[in-house]
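Here's a quick tour for anyone opening this entry for the first time. Have a look at the picture, then read on.

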Amino acid sequence: MATIAAAIVADSPRRVTEEGPWVRGLLLAIALGFMALFLWLPVSLVFTEALRKGVGIYLAAITEPDALAAIRLTLLAAAIAVPLNLIFGLTAAWAIARFDFPGKGMLVTLIDLPFAISPVIAGLIYVLMFGAQGWFGPWLAEHDIKIIFAVPGIVLATIFVTFPFIARELIPLMQAQGKDEEEAAILLGASGWQMFWRVSLPNIRWGLLYGVILCTARGLGEFGAVSVVSGHIRGLTNTLPLHVEILYNEYNGVAAFACASLLTLLALVMLAAKTFVQWRIDHPGNRV
Amino acid sequence: MRNRGVLPGFGPALGFSLAYLCLIVLIPLSATFIKAAGLSWQAFWETTTTPRVLASYRLTFGASLLAALINAFFGLVVAWVLVRYRFPGKRMVDALVDLPFALPTAVAGITLASLYAPNGWLGSLLAPYGIKVAYTPLGIVIALIFIGLPFVVRTVEPVLQELEQELEEAAASLGASRWQTFYRVLLPAIMPALITGFTMAFARAIGEYGSVIFIAGNMPMVSEITPVLIVGRLEQYDYAGATAIAVVMMVISFILLLVINLFQAWRARRELRGSV
């Protein structure tokens with residue numbers, strides 16, 4: 001840390017809007033120390049613990065049938081939730097950013113609602129709707145449809161917790177861009193779909209991708225909401241985060257961290273993708 | 001639908017959005033309130049105010065408040081360093097701030113629990129001093145600091161970037177020390193964003209479940225947060241009890257969300273007036 005501070009000091013004579021070298025060094029040390037303690041140390045622990053008994057055991061832990069079933073279910077839930085929330089994000093942003101109607105502010109607030117609700121409560125609301133004692137419970141039982149403690153419940157819970165991500169990226173973006181280009185397209189004779197594919201979508205593609213990344217990251221990792229509706233049936237209704245919990249509670253630390261390391265890798269990939277997309281948004285001129 | 005300009009698709013877009021919002025969010029949410037309304041007032045009151053439930057509210061809100069305050073301080077320092085200073089690896093450090101958003105909460109949970117367990121990397125360093133983190137309320141605060149950090153950094157960063165250097169130069173040329181400039185000129189400008197970030201971290205911490213349950217130990221009256229209590233009721237098929245406690249939590253969360261929105265609207269209005 002001292003060398004970094006020294007390098008900064010040597011950089012240039014101090015200006016009035018800069019702190020002294022000791023203050024800079026101290027602030028850098030606090031910031032980096034805090035991040036090392038809370039972010040880097042946990043990530044390195046995941047991989048250390050996962051590989052503690054060697055690569056063979058690591059690979060065995062992530063390729064056993066229950067783990068593979070959990071990976072498949074996690075991907076399936078995200079593969080259904082993300083496209084549905086994508087369509088919702090596009091339609092909501094189109095209505096909100098391009099038209100005026102009464103209750104618009106209210107609608108924007110309601111879209112954010114799932115962020116303000118505990119994941120546990122997100123699971124609970126679907127149990128109250130579709131569980132055995134729920135509103136539709138008896139009807140569902142009669143027709144032999146299972147939602148709670150089955151895959152549909154997991155998908156619903158995932159949709160709920162990732163609901164706002166894409167819409168809340170697109171609404172401010174489309175509001176800032178204005179509607180001139182789209183109006184020009186329509187006035188020049190484009191159909192609605194032509195306008196959407198040729199004008200709207202190219203303009204919002206990076207913001208859209210950004211929202212999709214956030215939505216996917218959260219969808220792959222959701223725990224609380226899914227835990228309430230899943231029933232934890234191995235090989236059937238266990239997502240990867242739930243599988244991690246079960247292994248950990250069985251004192252199978254190496255296998256738990258092996259599966260956790262997959263989720264951590266996914267999270268790091270999402271972060272890299274997000275950083276790249278953010279860079280594209282900030283530097284719109286650069287063509288790759 | 002007349003006089004809406006030339007753009008097409010208002011009806012279908014709004015129609016689909018509203019239908020989806022109602023199906024996924026509003027109708028299921030209303031189920032909790034209707035279920036809770038089925039309880040008598042006395043039953044509701046008794047369920048939501050037993051000593052064990054009250055202890056869980058105190059712990060949940062107290063630990064969340066403490067974690068959000070700690071995040072407000074360290075988040076400000078991290079944002080300051082990331083905006084103002086140049087150092088090697090800065091881009092990667094900046095990208096990693098979002099790790100708690102991307103990392104599944106269960107992974108964060110087992111990792112923090114292992115780090116701070118008495119035989120863990122950090123727990124074994126603290127144990128000789130008699131400091132226990134894992135399976136105590138302190139562990140809950142640690143987990144909540146982890147998940148709340150990005151909120152403060154990401155709300156304060158853009159404001160710091162847009163601060164005009166002229167203000168600081170003016171303050172310095174009028175004889176203010178660096179600390180006075182920070183305290184009197186910069187901090188008031190950052191304050192609204194800092195409060196917003198603090199409130200978001202606080203709101204997120206209140207509902208947090210996955211990252212807390214592993215490190216908390218979940219002992220009734222000591223380290224049991226409200227979401228754990230709700231799950232416990234559900235596992236005993238006490239749906240009415242779970243719902244009643246959930247409604248209390250939701251009402252508090254909604255009030256927080258409302259306060260954030262009102263505060264931001266007030267801030268936007270004030271900025272608008274300031275720029276005229």
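Below is a short briefing, grouped by topic. Keep in mind that this is a predicted model. In brief, chain A has 14 helices and zero strands, and its domain assignment gives two parts, domain 1 and domain 2.

**Helices**
- Walk along the sequence and the pattern of chain A reads α-α-α-α-α-α-α-α-α-α-α-α-α-α.

**Overall shape**
- Chain A has a radius of gyration of 24 Å, while a compact globule of 288 residues would come in near 19 Å.
- Along the principal axes, the C-alpha atoms of chain A take up a box of roughly 80 × 65 × 35 Å.

**Packing**
- Of the 288 residues in chain A, 44% are buried.
- Take the contacts in chain A with a separation of 6 or more: 74% of them pair residues 24 or more positions apart.

**Two domains**
- Domain 1 of chain A covers 1-50, and domain 2 covers 54-282.
- Their centres, taken over C-alpha atoms, sit 35 Å apart.
- Where domain 1 of chain A meets domain 2 of chain A, the contact draws on five residues from domain 1 and eight residues from domain 2.
- What classes of residue does domain 1 of chain A bring to the side that touches domain 2 of chain A? That side has four nonpolar residues, one charged residue and no polar ones.

Note on methods:
Residues numbered from 1 in each chain as written. Chains lettered and ligands numbered in written order. Predicted model: local features only at pLDDT ≥ 70, side-chain atom pairs only at ≥ 80, totals over all residues. Helix = DSSP H or I, 4+ residues; strand = E, 2+ residues; numbered from the N terminus. Rg over C-alpha atoms; globule rule 2.2 N^0.38 Å. Buried ≥ 20, exposed ≤ 12 C-beta atoms within 10 Å, placed from the backbone. Contact = placed C-beta atoms within 7 Å. Domains from an automatic or database assignment. Nonpolar A, V, L, I, M, F, W, Y, C, P; charged D, E, K, R; others polar.
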